[in-house]
Each structure stands twice: as C-alpha cells, then as structure tokens.
Amino acid sequence: MTNYIVLLRGINVSGQKTIKMSQLKTMLESLDFSAVSTYIQSGNIVLKSSVSSSNEVSKIIKNGIYKAFGFEVPVLALTLPELDEILKQSPFRTLYESESKKWYYVILQETPNRELIHSLQQQQFPSERFIITNSCVYLSCDQGYGKTKCDNNFFEKKLQVTATTRNHRTMIKLLEMGSQIST
C-alpha cells in the first residue's frame, strides 16, 4: 500500500464544481482507496492505495469524480516521498520562516517543455519570484497570491501543462497527514 497526496484543481471555488468532502470521501472509499481524509474544502486528500502509479491513481479519481458528480476536474496525485522532496527542494526554505506565508507551490502534472521553461524564466515581475523545476514551480509573492500576476492559470498557459497551486502551510499539513497514515 502506498500513501498518496491527491490535489484536485478548481473545486468549490465561487460556487463552481461543488463537492462536499464527505461525499468525496465516500466516493473514494467506493473506489477501494483506504484511510481517506481531506483537508479544508479545496480538494486536498490523503489516502492509501494498492495502485503503484501516481498517474493511475489520478486517472481513477478523475473518472470517479466525473461519474459521481458529472464534471471533470484535474487531479494530481503524489506519493508521500514525492511531496516531501518537493518541500525539501524549495529554494525559499533557506529564508526566514516568517516569510513562508508568501510561498506557493504550483504542482505540475508533467514536465514542461524545456524551451517553454527557458522562455518563462527570462520574464521578471517586481514583487514575485519563481523557480521552475520538472515537477513544481516554486513561487514567492510579496503581495500575496490574490494579487499575483503569476497565478495557476498563468503557469498553465505559459508552460502548457496542467497544474494546481497550494500554499506552504497546506503543503506542510498534507505531508504531516500523509505521514500519520498507519502502514
């Protein structure tokens, strides 16, 4: 059994694609996932599965959501070690912890094209810094995510990949929750 962190993109935002977490949990359990727990209402899930591929877990959940709720939602699944590595590789972790409220992780479903990465890295924004890796864009927003030009849609468009963004606190909480699932 593998512990997974599952991130849904774009649910429960402005009354769109509404899914109650209790219904989501029941649906996931019906798909043979176990130890299912959710964190806040924005599609953060921790679970166990006998499926050994993050991509396959994503596909199963995406199809399950479509069948149960009638709409498509991008689903990104990470193993616990993958999430831990993303956090460990953050270029911002050497900064003061008091700055962490400005840190965001744009989790990429696939590795972007090298030329697109290079082109985007040439752009600069006055109060935003980002570093692009194969699996994540590390983003620091001095004025907060609500005022950033470099939001999830921006990175999806520029890198031509599906992505979902979480703040530092949520990422830490998901790692903690995933680590607490009994083996």
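Mentor: Let's start with a term: buried means under 20% relative accessible area, exposed over 50%, and partly exposed in between, using a 1.4 Å probe and protein chains only. The model is predicted, so local features need pLDDT of at least 70, side-chain atom pairs count only at pLDDT 80 or more, and totals for chains, interfaces and linings use all residues. Residues are numbered from 1 along each chain as its sequence is written, and side-chain values use heavy atoms, with hydrogens and water left out.

Trainee: Thanks! Is Asn3 buried or exposed?

Mentor: Asn3 sits in strand β1, residues 2–8. Strands (E, at least two residues) and helices (H or I, at least four) are DSSP runs numbered from the N terminus. The relative accessibility of Asn3 is 14%, so Asn3 counts as buried.

Trainee: With which side chain does the side chain of Asn3 make a polar contact?

Mentor: Contact means heavy atoms within 4.5 Å, and Asn3 touches residues including Leu47, Leu78 and Ile181, leaving out those up to four places away in sequence. A polar contact is a pair of N or O atoms within 3.5 Å; within protein, one must be able to donate a hydrogen and the other to accept it, and residues adjacent in sequence count only if both atoms are side-chain atoms. At 3.1 Å, the partner is the side chain of Lys48.

Trainee: How many residues of β1 are buried?

Mentor: Two strands pair if DSSP finds at least two bridges between them. β1 runs antiparallel to β3 (residues 44–49), with 6 bridges, and antiparallel to β4, with 5 bridges. β1 is largely enclosed by the rest of the structure, because the buried residues number 6 of the 7.

Trainee: Which residue of β4 is the bridge partner of Ile5?

Mentor: On the β3 side, Tyr4 has Leu47 as its bridge partner. On the β4 side, Ile5 is bridged to Leu78.

Trainee: Is Ser127 buried or exposed?

Mentor: Ser127 lies in the loop between α4 (114–121) and β6 (128–132). Leaving aside neighbours within four places in sequence, Ser127 is in contact with Ser140, Cys141, Asp142 and Gln143. Its relative accessibility is 17%, so Ser127 counts as buried.
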